[in-house]
Amino acid sequence: MAQANKQRRPDRAALVIAAGLLALALLVAWDASRLGAGGAYARIGPQTIPYLIAVCLAGLSAWTVVAAYRHSFPEREPQEFAPVLWIVGGLVAQMALIKFTGFSIATGVLFAMTARGMGRVSLPLALLSGILISAFVWFVFARLLQLTLPAGPLEHLMLEGADIITAPFRSAPGGAA
């Protein structure tokens, strides 16, 4: 009898997910209600898409509740907390370091810790790889796209190096262009 009663209970984790989806839907709808409406001539204004997203999220919430009562979610594997802690630690480290070390080093630390959380890797090699990839991303955003990401000592060194390399190709002040 206890086993049959347990079978009839809804999936609690699914109900928590449904509650989160509904809360997100309500938040999006509330935020959309604060946006200004379009002109009287416009049927579609800045509120339209956020309201559509809120309706979709509410629909997903209802669907999740139905699935929770039907027990149609797949069996979940046991959660391993060590990888989660590595990844969360990487995010915390990035947030703590980014102001002082810049984008490349802070994101390299995040990359290395996430890689470590995903499997057994050499932490120094992952850190070096992460810093190099992040430095390339920073350079593309800062120099080519002219967007701002936090700069640290490594980024300043890259800018100086780029200036030294490109200096012979720039025209002299007052010279012919």
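Predicted model: local features only at pLDDT ≥ 70, side-chain atom pairs only at ≥ 80, totals over all residues.
Residues are numbered from 1 along each chain as its sequence is written, and side-chain values use heavy atoms, without hydrogens or water. Local features need pLDDT of at least 70 and side-chain atom pairs count only at pLDDT 80 or more, whereas totals for chains, interfaces and linings use all residues.

Colleague: What distance separates the end C-alpha atoms of helix H5?
Modeller: The expected span of a helix is 1.5 Å times one less than its number of residues. Because H5 (residues 103-118) has 16 residues, it should span 22 Å, and this agrees with the distance between its end C-alpha atoms, 22 Å.

Colleague: Which helices do the buried residues of H5 pack against?
Modeller: Buried means under 20% relative accessible area, exposed over 50% and partly exposed in between, with a 1.4 Å probe and protein chains only. The buried residues of H5 include Phe 103, Ala 106, Val 109, Leu 110 and Met 113. With contact meaning heavy atoms within 4.5 Å, the buried residues of H5 pack against H4 (81-101), H6 (123-144) and H7 (153-166).

Colleague: Are H4 and H5 roughly parallel or roughly antiparallel to each other?
Modeller: Axes are lines fitted to C-alpha atoms, for helices over the stretch in contact, and angles run from 0 to 180 degrees between N-to-C directions. H4 and H5 pack at about 175°, with their axes 8 Å apart. Angles under 35 degrees count as roughly parallel, over 145 as roughly antiparallel, 65 to 115 as roughly perpendicular and the rest as oblique. H4 and H5 are therefore roughly antiparallel.

Colleague: Is Leu 97 buried, partly exposed or exposed?
Modeller: Leu 97 lies in H4 and, not counting residues up to four places away in sequence, touches Gly 102, Ala 106 and Val 109. Because its relative accessibility is 29%, Leu 97 counts as partly exposed.

Colleague: How far apart in space are Leu 97 and Val 109, C-alpha to C-alpha?
Modeller: Both residues take part in the contact, Leu 97 from H4 and Val 109 from H5. They are twelve residues apart in sequence, and their C-alpha distance in space is 8.9 Å.

Technical notes. Helix = DSSP H or I, 4+ residues; strand = E, 2+ residues; numbered from the N terminus.
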